[in-house]
Amino acid sequence: MKSKSNLDKIDIVMTTDENYILQTRVTIWSMAKASAAEYEYRIHVLCDGALSPVSRNKLLEMEYLFDNISIHFIEVERSIFEKSKLTSFYTMASYYRLIMTEVIEAEKCVFLDGDIIVRTDISELFQTDLEGSYIAGVPDCGIRCRLERFLEHQKIINLPTMDKYVNAGVLVWNLKKMREDNLYLKFLSYIGEGYPSMDNDILNKCCYGKIKLLNIKYNFFAEFFGREGKLKEGGYSDGELHDLNENEMIIHFSGRFKPWEYVRVNRSEIWWNAAREALAESDYVAMYDAAKSLSVQSDWSYLLEKIGQYKDIIIVGFSDIGKNVADALLWREANKIGCFCDNDRKKQGKIYKQKEVLSIEGANENYPCGLWIITSQNYHREIKKQLEYMGIGIDRIIRYVDKSEAYYEAVDDRYQELEEKEKVLRTGG
């Protein structure tokens, strides 16, 4: 094999933060294993300056494990995105890709999310003829198969149609043309809009009419394995689906419910098999044990058993989800719900079904031995750290997972019966 310096270059871009470093490593590992040896894969990792040396080294180690990859960290100035609005479960790092034209010198690159397993040669994707398009990507099969759910989304971002809306997890970028047309400034002009899918919406809006559509094999959502009927309803032909080979595609664990948190999601074993190879044993074991534990703790039966051990319950988060948890408990555990609590001072002092909303400090003072149920879906990590800092033991903290319709759609068929039983238990059946 030629030395790395003599290999043709392929530029790959990813974004990450402290909470996503191991997942990023798994994606890079899978890509390096699947890709052709005659190229050097220059992996540009966009991050902020707070990314720790330990986390960086977990990626840099792979330069010694694969002869034809190189890792380059590009620190992003977060102040660029000070007007941005975060929605749902997305993080600030998701916006970083919008400045790629300004920090990557290449004329073309492939962007990869960190929740992907690559089983095909990325060089084939990189060689896509963009034909004057800004980006090339796969129509989002989650949207395409559920278009009726996204009519309001379509209105919010003002697109003529959503059936050609591409998922930004895997994209070929025409950096040269984007620079020529100053798309960077156009991208940034929308970051304060608070679009439902943030940068994914911005890319589709700004690039509309100059997006090349790719075969579904380059961004196949794991939730659709074994569910070809749903894909056919979304307009995919028998020919497209027949030609799909699980061992020659890019598999995307899209959406909120990830295999490293919920081992019951469809085909989670694909991700865990790759993680077993890619990660140090200690990292793998810690992640897997945590995912198995959360899957169990997310069951209503577990929650009821845990509540039975305590006199008082504190529901953390005065939101629709927090109220729904209270409603589901009131008919059987009414006397145990001590209060709600919330860090938002505007909510403190409010009353819901005779239960007051306190500050976290106030809740701890009034119910010093209570069980804390964190109902926030987006800020559970920060809240858990806050509670631990106050001296509350982890055995008294439960992270409540709101099992939405999206969760049940993502669950592997092997667990559907179990999940249905838990749903019935929650609703009082």
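Is methionine 198 buried or exposed, and what is its relative accessible area? Methionine 198 is buried, with a relative accessible area of 0%; here buried means under 20% relative accessible area, exposed means over 50%, and partly exposed covers the values in between, with a 1.4 Å probe and protein chains only. The model is a predicted one, in which local features need pLDDT of at least 70 and side-chain atom pairs count only at pLDDT 80 or more, while totals for chains, interfaces and linings use all residues. Residues are numbered from 1 along each chain as its sequence is written, and side-chain values use heavy atoms, with hydrogens and water left out.

Methionine 198 lies in helix H10, which spans residues 198-207. Helices (H or I, at least four residues) and strands (E, at least two) are DSSP runs, numbered from the N terminus. Most residues other than glycine have a negative phi. Methionine 198, although not a glycine, has a positive phi of about 50°. Arginine 267 is not a glycine either, and its phi is positive at about 60°. This arginine 267 is found in the loop between strand E10 (250-252) and H13.

Helix H13 itself covers residues 268-278, and it packs with helix H14 (residues 281-297) at an angle of about 155°, the axes being 10 Å apart. Axes are lines fitted to C-alpha atoms, for helices over the stretch in contact, and angles run from 0 to 180 degrees between N-to-C directions. H13 and H14 are therefore roughly antiparallel to each other, given that angles over 145 degrees count as roughly antiparallel, under 35 as roughly parallel, 65 to 115 as roughly perpendicular and the rest as oblique. On the H13 side, Trp271, Trp272, Ala275 and Arg276 meet Tyr284, Met287, Tyr288 and Ala291 in H14, where contact means heavy atoms within 4.5 Å. The residues of this contact divide into seven nonpolar, no polar and one charged. In this grouping Ala, Val, Leu, Ile, Met, Phe, Trp, Tyr, Cys and Pro count as nonpolar, Asp, Glu, Lys and Arg as charged, and the others, Gly among them, as polar.

The strands come next. An open sheet of three strands has the order E5-E10-E9, with mixed pairing; two strands pair if DSSP finds at least two bridges between them. Strands E5 (116-118) and E9 (220-221) stand at the edges with a single partner strand each, so one side of each is left without a neighbour in the sheet. E5 and E10 run antiparallel and are joined by three bridges, and isoleucine 117 stands opposite isoleucine 251 in E10. Elsewhere, strand E1 (residues 8-15) pairs with strand E2 (residues 39-47) in the parallel sense over eight bridges. Isoleucine 10 stands opposite tyrosine 41 in E2, and E1 is mostly covered, with six of its eight residues buried.

The cysteines can be described briefly. The structure holds zero disulfides, a disulfide being a pair of cysteine sulfur atoms within 2.5 Å. Cysteine 206 is in no disulfide, and the nearest cysteine sulfur, that of cysteine 207, is 6.5 Å away. Cysteine 206 counts as buried at 4% relative accessibility, whereas cysteine 369 is exposed, with a relative accessible area of 58%. The closest cysteine sulfur to that of cysteine 369 is in cysteine 339, at 14 Å, too far for a bond.

Finally, glycine 209 sits in the loop between H10 and strand E8 (211-213). Glycine 209 is exposed, with a relative accessible area of 69%.
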